[in-house]
Amino acid sequence: MSKTPPNRRGITFEVGAQLEARDSLKNWYAANIEKIDYDDEKVLIHYRQWSHRYDEWFDWTSPYLRPVERIQLRRQGLHDDSSPVRRQSAPSPF
């Protein structure tokens, strides 16, 4: 019996879908879903512009997968609903 991927805002669990993934050195990279293992609840991630030898399996609930739109929102100075709003204090005059 196959399982169904979770409903994660901004991530479409299908082959070829774009997202961002965090590698073992804690860097975020643009990536695509290469394969989906419904029985083990995992996705094979290919980091774009990297060799396929760096492809990596992630649990589909992994916090190391995020939608591409979060970066785009941050660049625009906007926040999505799941991002905490950070307030900055005024710089010190000294």
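This is a predicted model: local features need pLDDT of at least 70, side-chain atom pairs count only at pLDDT 80 or more; totals for chains, interfaces and linings use all residues.
Which backbone nitrogen does the side chain of Asp23 reach at 2.9 Å?

**View 1. Asp23 in the loop between E1 and E2.** The side chain of Asp23 reaches the backbone nitrogen of Asn27 at 2.9 Å, and a polar atom of that side chain also lies 3.0 Å from the backbone nitrogen of Leu25. Asp23 counts as buried because its relative accessibility is 16%, under the 20% limit.

**View 2. The hairpin of E1 and E2.** These two strands run antiparallel and are joined by five bridges, with Leu19 standing opposite Ala31 in E2. Five residues lie between the strands, and Lys26 in the turn has a positive phi of about 70°.

**View 3. The hairpin of E2 and E3.** Six bridges join this antiparallel pair, in which Ile36 has Val43 of E3 as its bridge partner. Four residues separate the strands, and Glu41 in the turn has a positive phi of about 60°.

**View 4. The largest nonpolar core, with 14 residues.** Among the residues with the most contacts inside this core are Leu19, Ile33, Ile45 and Phe58, and strands E1 (18-22), E2 (28-37) and E3 (42-47) each supply at least two of its residues. Beyond its neighbours within four places in sequence, Ile45 is in contact with residues including Ala21, Ala31, Asp55, Glu56 and Leu65.

Definitions and conventions. Residues are numbered from 1 along each chain as its sequence is written. Side-chain values use heavy atoms; hydrogens and water are left out. A nonpolar core is a set of buried Ala, Val, Leu, Ile, Met, Phe, Trp, Tyr and Cys residues joined through side-chain atoms within 4.5 Å. Buried means under 20% relative accessible area, exposed over 50%, partly exposed in between (1.4 Å probe, protein chains only). Contact means heavy atoms within 4.5 Å. A polar contact is a pair of N or O atoms within 3.5 Å; within protein, one must be able to donate a hydrogen and the other to accept it, and residues adjacent in sequence count only if both atoms are side-chain atoms. Two strands pair if DSSP finds at least two bridges between them.
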